[in-house]
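Reader: Take me through this structure, term by term. I want each label set against its cut-off.

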Amino acid sequence: MERKGLILETNCIFCKIANGEIPSATIYEDEEFRAILDLGPASKGHALILPKKHAANLFELPDETAGKAMILAKRLAKTLKEGLHADGLNVVQNNGEAAGQTVYHFHMHLIPRYADDTVNVTWTPGTLTESDKAEVTELF
Ligand code: AMP
Ligand code: ZN
């Protein structure tokens, strides 16, 4: 499937939403991105940034798109936080089933946070061991 020079994955729902083939609650659109409200929001204002060109995850995302996505996240996060009088905001981005990804088209979650909300974006802190530290730092 090709539209306006963009290659779309035939069975990818976010390709269809990003490119306007399936309607969505759009809060922002430009040539390369669409931002929509999540259908199963964690909080009021939970939004998703979708690139129009398919990439399954961060590992497949072109550098230029990654850079623009973060700049867009910053802009939209500011409007959401100020406009909804949120107390904070999480940017969440899942890659792979083990990381909680359920839709395999790169997307960034913008989740406004309210002082009294029950949103759970937490983990139990472990301990950094000497062997893990050595193994990981040697990768770079
Ligand atoms: P993830 O688990 O990071 O892959 O996130 C997928 C997100 O997409 C979830 O928060 C879903 O609620 C949301 N979602 C799935 N289908 C739709 C849709 N058709 N429109 C809006 N949000 C969707
Ligand atoms: Zn896609």
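Author: Start with Asn57, which counts as buried at 18% relative accessibility. Before going on, note that this is a predicted model, where local features need pLDDT of at least 70, side-chain atom pairs count only at pLDDT 80 or more, and totals for chains, interfaces and linings use all residues. Residues are numbered from 1 along each chain as its sequence is written, chains are lettered from A and ligands numbered from 1 in the order in which they are written, and side-chain values use heavy atoms, without hydrogens and water.

Reader: Why is Asn57 called buried?

Author: Buried means under 20% relative accessible area, exposed means over 50%, and partly exposed lies in between, with a 1.4 Å probe and protein chains only. Asn57 has 18%, so it counts as buried.

Reader: Where does Asn57 lie, and what is it in contact with?

Author: Asn57 lies in the loop between S5 and H2. Helices (H or I, at least four residues) and strands (E, at least two) are DSSP runs, numbered from the N terminus. Leaving aside neighbours within four places in sequence, Asn57 is in contact with Asn95, Gln101 and Phe106. Contact means heavy atoms within 4.5 Å.

Reader: Which backbone atom does the side chain of Asn57 reach?

Author: The backbone nitrogen of Phe59, at 3.0 Å. The cut-off for a polar contact is a pair of N or O atoms within 3.5 Å; within protein, one must be able to donate a hydrogen and the other to accept it, and residues adjacent in sequence count only if both atoms are side-chain atoms.

Reader: Are Cys15 and His105 buried or exposed?

Author: Cys15 is buried, with a relative accessible area of 1%. His105 is buried as well, at 0%. The side chain of His105 also makes a polar contact with the side chain of His54, at 3.3 Å. Beyond its neighbours within four places in sequence, His105 is in contact with several residues, among them Phe14, Leu50 and Lys53.

Reader: How do you know which strands form the open sheet?

Author: Two strands pair if DSSP finds at least two bridges between them. S4 and S5 pair in the antiparallel sense over 5 bridges. S5 (residues 47-51) and S7 (residues 108-113) are joined by 3 bridges and also run antiparallel. Ala47 stands opposite Leu110 in S7, and Leu48 stands opposite His109. In total, 5 strands form the open sheet, in the order S3-S4-S5-S7-S6. S3 (26-29) and S6 (88-92) stand at the edges with a single partner strand each, so one side of each has no neighbour in the sheet.

Reader: What makes S5 largely enclosed?

Author: 5 of the 5 residues of S5 are buried, so the rest of the structure largely encloses it. Both faces are covered: Ala47, Ile49 and Pro51 are buried on one side, Leu48 and Leu50 on the other.

Reader: Where is Ala18, and is it buried or exposed?

Author: Ala18 lies in helix H1. At 0% relative accessibility, Ala18 counts as buried. Leaving aside neighbours within four places in sequence, its contacts are Arg34, Leu50, Pro51 and Lys52.

Reader: Why is His85 called exposed?

Author: His85 has a relative accessible area of 65%, so it is exposed. Its place is in the loop between H2 and S6. Phi of His85 is near 55°, a positive value in a residue other than glycine. Most residues other than glycine have a negative phi.
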